[in-house]
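Dear colleague,

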Amino acid sequence: MKIGLRIDVDTFRGTRLGVPNLCRLLAEHATRATFFFSVGPDNMGRHLRRLLRPAFLWKMLRTKASSLYGWDILLRGTLWPGPIIGKRLSHVIRAAADDGHEVGLHAWDHHAWQAHIDTMDADTVHQSLNRGVELLTKVLGCPPVCSAVPGWKCNDLVLREKARFAFCYNSDCRGDRIFLPVAGGKELSQPQIPVTLPTYDEVVGRHGVSNDSYNEHMLGLLDPGRLNVLTIHAEVEGMVCLDMFTRFVESVLSKGHSFVPLGTLVEESAQIDRAAMAPGEICGREGWVACQVPL
Ligand SMILES: [Zn+2]
């Protein structure tokens, strides 16, 4: 079984500390993955405003967000301007690419995308993607081959703007098979690789799953008969949950399975059917996420 491994990097701290940790772990096991980097300003502290909303506060307490992310991350961007991650930490991004990992664009401004996507027009979406692509191109010496929006906040307008960039594929939604998205009645040529498995913060603290039983729970969700795509976060599995994730990697490999960059899954898929995207809800996640839906 080949499991697509996607690593989302949301913050300055996750880039600086989580990415090198994960690169080391993956190198030790001769394993490659896909990193999606946020390269613009780290304004994740603006999430503090969301603390005023009960559902978010409950989730923060449930996942102990301050220990996951650190108070400096939660406050960053509220009290002082966030640093441009792709400028200050370009060496970290380059090192991941040099290790043979696939590198894609996550966001220019992770927080702004999640907060404002519902009201962003085509120009704003294009500008946001373009700033990210330009900075990553400067860092890598070539354009990023793929992209994945923050928080699976994607819509048809975003899909149409992405089609103007040279992405080989995108990973913008939750679903169960690779598909060619149809937006506004038109089939687009960049395949979508949906994430099929839940994330750490969606699972822990629900249905009796704790850190002690998390790995076993996730292993039970892997299914050799279908597409398996896992998203981890540099800030979580690359930092506070690094030991737990290390044991997960060892368990998966000891069963004879492997992790692959998402691009490998596209290359190996014989036939790719069409599907659409629509907003839906995911257990353990606040607000809407883009979901794969049949045409
Ligand atoms: Zn993210």
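**What was found**

Of the 295 residues of the chain, 57% count as buried, and please keep in mind as you read that this is a predicted model. The chain exposes about 12800 Å², of which carbon and sulfur atoms supply 52%. Its secondary structure comes to 14 helices and eleven strands. If you count the contacts in the chain with a separation of 6 or more, 74% of them are accounted for by residues 24 or more positions apart.

You might begin with helix 1, which covers residues 12–28 and has 17 residues; at 1.5 Å a residue it should span 24 Å, and its end C-alpha atoms are 24 Å apart, which agrees. Where does helix 1 bend? The bend, of about 35°, is at Gly18, and a proline, Pro20, follows within four residues. Gly18 is also one of the buried residues of helix 1, which include Phe12, Val19, Leu22 and Leu26 as well. Just after helix 1, Ala30 takes a positive phi of about 45°.

Helix 8, residues 122–140, can be read in a similar way: its 19 residues should span 27 Å at 1.5 Å a residue, and the end C-alpha atoms are 26 Å apart, which agrees. Its buried residues are Val125, Ser128, Leu129, Gly132, Val133, Leu135, Leu136 and Val139. They cover an arc of only 170° around the axis, which puts them on the same side of helix 8. What do the buried residues of helix 8 pack against? Their partners are helix 5 (85–88), helix 6 (90–98), strand 3 (102–107), helix 7 (110–116) and helix 9 (156–162). After helix 8 comes Gly141, whose phi is positive, near 85°.

Finally, there is an open sheet of four strands, which has the order 7-6-10-11 and mixed pairing. Its edge strands are strand 7 (186–187) and strand 11 (289–293), each of which pairs on one side only. Strand 11 pairs with strand 10 (residues 273–280) in the antiparallel sense, over five bridges, and Met277 stands opposite Gln292 in strand 11.

Note on methods: Residues are numbered from 1 along each chain as its sequence is written. This is a predicted model: local features need pLDDT of at least 70, side-chain atom pairs count only at pLDDT 80 or more; totals for chains, interfaces and linings use all residues. Side-chain values use heavy atoms; hydrogens and water are left out. Two strands pair if DSSP finds at least two bridges between them. Helices (H or I, at least four residues) and strands (E, at least two) are DSSP runs, numbered from the N terminus. The expected span of a helix is 1.5 Å times one less than its number of residues. Buried means under 20% relative accessible area, exposed over 50%, partly exposed in between (1.4 Å probe, protein chains only). The arc is that of the directions from the helix axis to the C-beta atoms. Contact means heavy atoms within 4.5 Å. Accessible areas come from the Shrake-Rupley method with a 1.4 Å probe; for residues, only the protein chains shown count as cover. The bend at a residue is the angle between axes fitted to the seven residues ending there and the seven starting there.
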